[in-house]
Amino acid sequence: MGPRLTGTESHRMLVEEVAADLKDLDLEVRRDTQTFERWDLPTSADGLRIDLTDGSVVVSSAFPYSGITGPAGISAPLVLLNTKRPRWSRAKGAIAVIEVPHIDVPRKFLVSEWGPITTDEMVRNPVLSATLLGPKLAKARKAGVLGVIAVWRDIAPDNARGQYLPFTEPYHDIPAVWVAGDEASKVLAAARAGQRATLVLDATLHPGTTTDTVWAVSPGTSPHETILVITHSDGTNGAEENGHLGLLELARHAVAQPHRRSYVFVLTTGHLRIPAVSKHGQATSTWLEAHPEMWKGGAGQARAVAGIAVEHLGALGDTEDFAAGTYALDATPEPEVLYATSREVHDIVAPLWRDIGSGDRRIVAPSPVVHFGEGEPLFERKIPTVALVTAPQYLLALRDSDAPTHVDVDAMTKQIQSFRDVLDAFDGADSAAFGSVVSWSAFAKFSTLLQMMQVLSRAKK
C-alpha cells in the first residue's frame with residue numbers, strides 16, 4: 001500500500017482490512033471516528049522544489065503540515081538566519097534559511113535502565129534532530145516570514161530523503177522544506193549572496209477528513225480485568241507501521257483458547273496526526289479517554305492490569321557515514337528498544353523475549369522526559385506495560401511499496417512469538433505481580449530537561 005499517512009486512501013484500506021480480519025475471528029469490531037483537516041504532500045516532483053537563479057534544488061522532504069504555496073510557489077529573497085538565536089523578523093517578507101544540526105543525543109536522556117548504566121552511548125535519529133532543533137514555524141509566521149528552508153547539517157542525503165518530520169506539530173500555514181548535502185550547500189551559497197528564490201510546496205488541504213480507530217474485545221472468564229493490546233494503523237514505511245500484523249496474530253491466539261482476562265485489541269488512528277486527535281499525549285490517549293470502562297477500574301468499570309504496545313516489528317538497522325555522504329540499510333535487525341514500565345514487568349518479559357540477533361538489546365524504562373510510541377498513554381495512566389519501539393534512522397522516512405521492506409521477517413516472527421508468550425504470562429499472573437508504575441519526580445524531570453537544553457545549546461553553535 002505504500003505510505004499510510006493519516007486519513008489517506010492507503011491508510012483507510014489498511015484499517016478496513018484489519019477490521020475485516022477481526023470480524024472474521026467472530027469479534028465485534030467497534031469504531032471511534034475522528035474528523036480533521038488533512039494536509040497532503042504534492043503529487044509530483046515538480047510540486048516540491050526550490051528554484052535558484054542558476055537552477056533548481058532537489059528538496060529532501062517537506063515539513064509536514066507546514067503550509068502550501070500553490071503550483072506557482074512563492075518568490076522572495078533568501079535570508080540566512082543565525083542558527084542558535086534566529087531573529088525571524090530579519091526574514092519578514094522573505095524566505096528564511098536556517099541550518100539544523102543532525103545531532104547525537106546521550107541515551108540517558110531518552111531511556112532509563114533497570115540496571116546500572118554501563119556506557120555513555122549516544123543515539124542519532126532524525127526524529128530527535130527535527131523535533132528538538134527544527135525551525136519554529138509559529139514564530140516565523142508571526143514575524144511575517146513567507147517560507148522556510150531548513151538546511152540539515154551533518155546528515156547523508158539518502159538519510160534525509162523523505163523524512164516526514166517533525167510529525168507532531170499543528171498546521172502552521174507557512175510552507176517549509178528540508179534540504180541536505182550538496183543541495184543544501186547551493187541554498188546556503190544563494191542565501192549568503194542575497195539571491196532570490198522560488199519555493200514550491202504544492203500541497204493540498206482536505207477539510208472534513210475522517211479516520212477510524214477500530215477495536216475489539218476477546219472476552220475472558222473474569223471480564224472485570226483487561227489486558228490492552230495497542231498499535232497504530234498509520235505509518236510511513238514497511239517498519240513504521242507494521243504492528244497490526246502482531247495485533248492480529250495475538251487476536252488469533254486469543255480466540256483459539258479460553259483466557260482469564262478480557263483482551264482489548266486497539267488499532268489506533270492518528271499517530272502521524274497527533275495534534276488533530278489528541279489533547280495530550282500520543283494518539284491512544286484519545287481512545288483511553290473515550291473508554292474508561294475498559295481500563296480505569298472505577299465503579300462499573302473494568303481495570304487494565306497490563307498493556308502491550310506493538311510497533312516497528314523486525315526493523316532492519318541502518319548505517320550512515322555523513323562525512324562521506326553515504327547511507328544504507330543493514331542486513332541485520334536494529335537493536336531493539338523494549339520498554340517495561342515497572343521492574344516486575346521487566347522480570348516477566350526478560351526470560352520470555354527471544355533473541356533476534358540484533359546485538360545490544362536492553363529492556364528499558366521511560367526516561368524522566370519521554371516515553372516513545374503509543375505505549376506512552378498507558379504509562380501516563382500507570383498501566384504496567386511492555387512496548388516495542390525500535391527506532392532506526394529511517395523510521396519516519398516515506399518509502400514507496402516497491403522500495404526495500406526495511407523488515408527482517410525472521411526477527412518479526414520472533415518478536416510476535418515473544419509478545420504471544422508475554423500475553424499468556426500476563427493473563428496467568430496475579431494482579432500484584434505487575435508491580436506499580438511510578439512517575440518521575442518533578443525534580444528528576446527538571447534536572448534532565450536542563451541537561452538536555454545544555455546539550456542542544458552546544459549543538460546549535
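**Notebook: strands, sheet and selected residues**

I began with the sheet, an open one in which eight strands follow the order β3-β2-β12-β5-β6-β10-β11-β4, with mixed pairing. I noted that β3 (55–57) and β4 (61–62) stand at the edges with a single partner strand each, so one side of each lacks a neighbour in the sheet. The model is predicted: local features need pLDDT of at least 70 and side-chain atom pairs count only at pLDDT 80 or more, while totals for chains, interfaces and linings use all residues. Residues are numbered from 1 along each chain as its sequence is written, and side-chain values use heavy atoms, with hydrogens and water left out.

I recorded the terms before going on. Helices (H or I, at least four residues) and strands (E, at least two) are DSSP runs numbered from the N terminus. Two strands pair if DSSP finds at least two bridges between them.

**Entry on β6**

I looked up strand β6 (residues 95–101) and found seven of its seven residues buried (under 20% relative accessible area, with exposed over 50% and partly exposed in between; 1.4 Å probe, protein chains only). The strand is therefore largely enclosed by the rest of the structure. In a regular strand the side chains alternate between the two faces of the sheet. In β6, I saw Ile95, Val97, Glu99 and Pro101 pointing one way and Ala96, Ile98 and Val100 the other.

I then followed its partners. Strand β5 (residues 74–80) pairs with β6 in the parallel sense over three bridges, and valine 79 has alanine 96 of β6 as its bridge partner. The pairing of β6 with β10 is also parallel and runs over seven bridges; there, valine 100 stands opposite tryptophan 152 of β10. On β5 I also found four bridges to strand β12 (residues 196–201), in the antiparallel sense, with serine 75 opposite threonine 198 of β12.

Which helix lies across β6, β10 and β11? I identified helix α2 (residues 126–133), which runs at about 130 degrees to β6. For this angle, axes are lines fitted to C-alpha atoms, for helices over the stretch in contact, and angles run from 0 to 180 degrees between N-to-C directions.

**Entry on valine 148**

I placed valine 148 in strand β10 (residues 147–153). Valine 148 counts as buried because its relative accessibility is 0%. Leaving aside neighbours within four places in sequence, I found contacts (heavy atoms within 4.5 Å) to residues including Trp88, Ile95, Ala96, Ile98, Ile174 and Leu199.

**Entry on β21 and threonine 390**

I found both faces of β21 (385–388) covered: Thr385 and Ala387 on one side, and Val386 and Leu388 on the other, are all buried. Strand β16 (residues 303–309) pairs with β21 in the parallel sense over three bridges, alanine 309 having alanine 387 as its partner. Strand β19 (residues 337–340) pairs with β21 in the antiparallel sense over three bridges, where leucine 338 stands opposite leucine 388.

Threonine 390 I located in the loop between β21 and α11 (409–428). Is threonine 390 buried or exposed? It counts as buried, because its relative accessibility is 2%. Its side chain reaches the backbone nitrogen of valine 337 at 3.3 Å.

**Entry on leucine 14**

I ended with leucine 14, in helix α1 (residues 9–24). Leucine 14 is buried, at 2% relative accessibility. Beyond neighbours within four places in sequence, I found leucine 14 in contact with Met1, Arg4, Ser233, His244 and Leu267.

Technical notes. A polar contact is a pair of N or O atoms within 3.5 Å; within protein, one must be able to donate a hydrogen and the other to accept it, and residues adjacent in sequence count only if both atoms are side-chain atoms.
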